[in-house]
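The following exercises are to be worked with the sequence and the coordinates at hand. Each task is followed by a solution in steps.

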Amino acid sequence: MSPKLVNLGFGNSVVSSRVIAIVSPDAAPVKRLRDEAREEKRLIDATKGRRTRSLVITDSNHVILSAIQSETLAQRFSPNFSLSKDEIEAEDEEE
């Protein structure tokens, strides 16, 4: 069975089974986590220059920045969720 990819926006995806948490970037501990990941070269910026709205933490301890809100990303992990190509493009244009 092939791994399920979850769209993080702007054509970026992550393997769903590798994700540990999706968090909002506002809290001080999350900001420290982001700064530590940057220092240790574990930070992946998938925002395409947009404002960071969520952080995705993986089992390999990488931190991925996304311009998609945490709640939206969490919904994408639902087994019944699917977006058409047109819906993905429209969402990317909104960001």
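**Exercise 1: A salt bridge within a helix**

D35 has a relative accessible area of 38% and is therefore partly exposed. The model under study is a predicted one.

Solution. 
1. R38 has a relative accessibility of 45%, so R38 counts as partly exposed.

**Exercise 2: The other salt bridges**

Task. State how many salt bridges the count comes to, and identify the parts that the pair of R18 and D59 ties together.

Solution. 
1. The count comes to three salt bridges.
2. One of them joins R18 to D59, whose closest N and O atoms are 2.7 Å apart.
3. R18 is located in the loop between β2 (12-15) and β3, and D59 in the loop between β5 and β6; the pair therefore ties together parts that are 41 residues apart in sequence.
4. R18 is partly exposed at a relative accessible area of 39%, and D59 is partly exposed at 43%.
5. A further salt bridge links E40 and R42, with 2.8 Å between the closest N and O atoms. R42, at 13% relative accessibility, counts as buried, because buried means under 20%.

**Exercise 3: The open sheet**

Task. Give the order of the four strands in the open sheet and name the edge strands.

Solution. 
1. The order is β3-β5-β6-β4, with mixed pairing.
2. β3 (19-23) and β4 (43-45) are the edge strands, since each pairs on one side only.
3. On average, neighbouring strands of this sheet are turned by 20° against each other, direction ignored.
4. β4 pairs with strand β6 (residues 63-66) in the parallel sense, over three bridges. I44 has I64 as its bridge partner in β6.

**Exercise 4: The surroundings of S54**

Task. Is S54 buried or exposed, and which backbone oxygen does its side chain reach?

Solution. 
1. S54 is part of strand β5 (residues 54-58).
2. The relative accessibility of S54 is 0%, so S54 counts as buried.
3. Its side chain reaches the backbone oxygen of I68 at 2.6 Å.
4. Leaving aside neighbours within four places in sequence, the contacts of S54 include I22, V23, I64, L65 and L73.

Notes
Residues numbered from 1 in each chain as written. Predicted model: local features only at pLDDT ≥ 70, side-chain atom pairs only at ≥ 80, totals over all residues. Heavy atoms only, no water. Helix = DSSP H or I, 4+ residues; strand = E, 2+ residues; numbered from the N terminus. Buried < 20%, exposed > 50% of the residue type's maximum accessible area, 1.4 Å probe, protein only. Polar contact = N/O pair within 3.5 Å; in protein donor to acceptor, adjacent residues only side chain to side chain. Contact = heavy atoms within 4.5 Å. Pairing = 2+ DSSP bridges. Axes fitted to C-alpha atoms, helices over the stretch in contact; angles between N-to-C directions. Salt bridge = Lys/Arg side-chain N within 4 Å of Asp/Glu carboxyl O.
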